[in-house]
Amino acid sequence: MLKSVLTLSLAFSTVSFAKTYPMSEEIDRVPGEIIIKLKDASDYNALSLNIQNATIERSFKTIAGKFVIVKMEDSLVLSGLSILNDNENIEYAEPNYLYKIDDPIDPLSLDQISESLSELTNPIAETPNDPQFGKLWGLANTGDNDPKGLTGVAGADVNALEAWSITKGDRRIKIAIIDTGIDYNHPDLKNNIWVNQAEIDGLPGVDDDNNGYVDDIHGWDFANGDNNPLDGHGHGTHCAGTIGAEHDNGEGVAGVMGEVQMMPVKFLTDSGSGSTEAAIKSIDYATMMNVDIMSNSWGGGGFSQALQDSIEAASKKGILFVAAAGNSTSNNDVRPHYPSNYNVPNVIAVAAHSIQDSLASFSSYGKNTVHIAAPGKNILSTVTNGNYASYSGTSMATPHVSGVLGLFVSKFGRLPFDQVKEVMQKTSVPVATYKRKTISGGRINAYNMLTNTRPVRNEPRENDWREFALDEVFETPHPYEKNMDLRKTIHIPGASYIKVVIDKYDFEPRYDYLNLIDKDGAIVETIVGDGEGVVSEYIEGDTVMLQFKSDQSVMKWGAKISKVLAQFPEDSVAKK
């Protein structure tokens with residue numbers, strides 16, 4: 001196998017790229033490398049690059065198509081992208097981006113955790129006998145079992161104990177952990193690690209199952225191009241422990257699933273960074289091996305068509321792709337984070353919540369792009385060399401969701417993605433703090449999902465909206481002026497919910513915007529760009545403040561709002 005070019009990624013960016021793939025110094029990439037997808041009938045041997053000193057370094061084929069890695073002087077990459085994207089034999093060319101783990105935040109060792117929870121005992125009867133189970137608040141939150149001693153909300157967890165009365169998983173379920181590898185010798189993991197039986201039974205040095213990879217007994221290392229996906233970092237092993245640490249074995253912790261096959265697919269180096277090339281090869285390998293779920297606690301780079309193509313290939317095979325939303329505290333609706341932002345049916349994006357049942361301070365979010373919240377702050381799990389530690393991040397929330405989905409697939413098999421998402425979202429526990437931050441407005445609950453238990457959601461009724469014309473139209477000058485801060489408060493007495501109808505708006509992207517603010521001063525929605533006849537998200541209560549802000553540069557048309565929609569309680573005149 002060919003060895004990937006990898007470097008340490010120090011920055012984390014979520015800037016979207018257009019089809020022409022303009023370069024940005026904010027986005028990490030392999031210097032001097034471009035990844036090309038050839039059109040179906042094209043032969044890379046006959047490919048003419050027309051770029052000074054450019055060479056074809058290597059080529060590979062995946063389910064998504066044929067790819068070539070081109071090497072050139074780094075200063076020529078921008079012009080090279082333009083030339084290659086005009087080539088009739090090339091479907092697209094883009095930078096070979098770098099991705100990295102969502103760095104663990106405030107890690108604690110097991111010794112530190114044991115000291116802070118020295119008097120804690122397992123709070124619930126008939127739990128697994130694993131000695132550290134009482135510290136896994138993400139599985140069973142007692143309100144006082146946070147590794148850093150935080151006081152929390154009892155029951156704000158994935159409800160594992162009730163779920164396990166239905167299923168603890170199934171050895172037939174395969175979950176690929178695409179990460180830094182896994183310590184597959186860890187005593188808490190080794191019995192739930194995927195084994196390629198054909199390679200075990202076959203001859204050393206022979207590709208016994210004819211999948212193109214020799215002696216891939218436990219998966220593959222695409223970071224170093226070999227058959228040993230052993231974790232030298234700890235991040236992938238931590239994710240694995242949350243998904244599938246063995247139950248009742250007298251060792252450390254327990255995973256969301258007691259029975260599962262976890263496949264180590266390593267594309268991030270031991271320093272935590274890897275390229276687009278290695279990522280798409282990893283996804284392709286897991287797709288070819290027909291896993292049920294891919295768990296992805298990593299991100300970065302710009303939009304990559306090659307990466308999206310690979311995820312789409314997995315989607316066509318019926319494989320769920322669970323991805324961390326990121327740790328940059330940003331709104332992914334506005335600043336996309338990849339791979340969690342790819343608009344592919346199998347992608348499920350995950351935010352992190354704390355023991356206190358609030359969105360973790362570091363977590364990225366998105367009312368339209370992040371599906372669900374899961375435990376992700378101060379999470380105890382396995383790390384390398386048979387050890388344990390507590391990490392925080394959406395990286396830790398993601399395997400909780402992967403594990404819950406694993407339980408679901410164990411019971412119901414592979415279902416259409418829209419059905420899986422609908423059940424996951426509607427059975428989530430609604431919490432106000434997640435309502436504006438995730439599509440579901442809640443945190444994942446394994447028992448609810450397995451029993452299709454759908455909590456009541458205090459949300460507006462679909463067909464009970466009444467229209468109210470504003471006494472005074474909210475309108476900016478056309479064009480608007482520099483440094484504006486224009487505000488108007490709208491009050492509809494007795495209303496339970498309000499929606500704002502925007503007749504027309506046209507703002508300078510990224511710099512000028514309209515905020516919709518609720519009665520408590522929270523920004524419910526920020527309107528950017530342009531549009532006509534747009535209806536906002538609903539605002540709870542009978543009051544909404546409109547705030548338009550502009551900067552000193554481009555002045556565009558502005559905004560006009562002449563009416564709102566309102567909804568009233570069940571016993572109001574609106575319901576009669």
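Predicted model: local features only at pLDDT ≥ 70, side-chain atom pairs only at ≥ 80, totals over all residues.
Residues are numbered from 1 along each chain as its sequence is written, and side-chain values use heavy atoms, with hydrogens and water left out.

Now, the terms for holes. On a 1 Å grid over the protein atoms alone, a cavity is a set of points where a 1.4 Å probe fits but cannot get out, while a pocket is an open set with protein on both sides within 12 Å along at least five of seven lines; lining residues have an atom within 4 Å of a point. Grid points are joined across faces, edges and corners, and the volume is the space filled by probe spheres set on the points.

How many cavities of 30 Å³ or more does a search of the whole structure find? There are three. The largest cavity is lined by 13 residues, and Leu136, Leu139, Ile379, Leu380 and His400 lie nearest its centre. Helix 5 (235–244) and strand 15 (379–383) are the elements that give two or more residues to that lining; helices (H or I, at least four residues) and strands (E, at least two) are DSSP runs, numbered from the N terminus. By class, the lining has seven nonpolar, five polar and one charged residue. Here Ala, Val, Leu, Ile, Met, Phe, Trp, Tyr, Cys and Pro count as nonpolar, Asp, Glu, Lys and Arg as charged, and the others, Gly among them, as polar.

Let's stay with helix 5, which packs against helix 8 at an angle of about 35°, with the axes 8 Å apart. Axes are lines fitted to C-alpha atoms, for helices over the stretch in contact, and angles run from 0 to 180 degrees between N-to-C directions. This crossing is right-handed, meaning that the near helix is turned clockwise from the far one by less than a right angle. From helix 5, the contact (heavy atoms within 4.5 Å) uses His235, His238, Cys239, Thr242 and Ile243; from helix 8, Ser395, Met396, Pro399, His400, Ser402 and Gly403. Those residues divide into four nonpolar, seven polar and no charged.

Helix 8 (residues 394–412) also packs on helix 9 (residues 417–426), at an angle of about 115° and with axes 12 Å apart. That makes helix 8 roughly perpendicular to helix 9, a label for angles of 65 to 115 degrees. Which residues make the contact? Val401, Leu405 and Phe408 of helix 8 meet Val420, Val423 and Met424 of helix 9. The class count there is six nonpolar, no polar and no charged residues.

Helix 9 turns up again at the second largest pocket, where it gives the largest share of the lining, three residues. That pocket has a volume of about 350 Å³. Its lining numbers 18 residues, with Lys367, Lys426, Ile439, Glu459 and Tyr538 nearest the centre. By class, there are four nonpolar, four polar and ten charged residues in the lining.

One more helix pair: the axes of helix 6 (residues 276–288) and helix 7 (residues 305–316) come within 9 Å and cross at roughly 5°. Helix 6 and helix 7 are therefore roughly parallel, a label for angles under 35 degrees. Their contact has eight nonpolar, three polar and no charged residues.

Finally, the backbone. Most residues other than glycine have a negative phi, and most peptide bonds are trans. A cis peptide bond joins Tyr338 and Pro339, with omega about 15°, and another joins His478 and Pro479, with omega about 0°. Pro479 sits in the loop between strand 19 (466–475) and strand 20 (485–491). Asn159 has a positive phi, near 60°.

Note on methods. Parallel < 35°, antiparallel > 145°, perpendicular 65-115°, else oblique.
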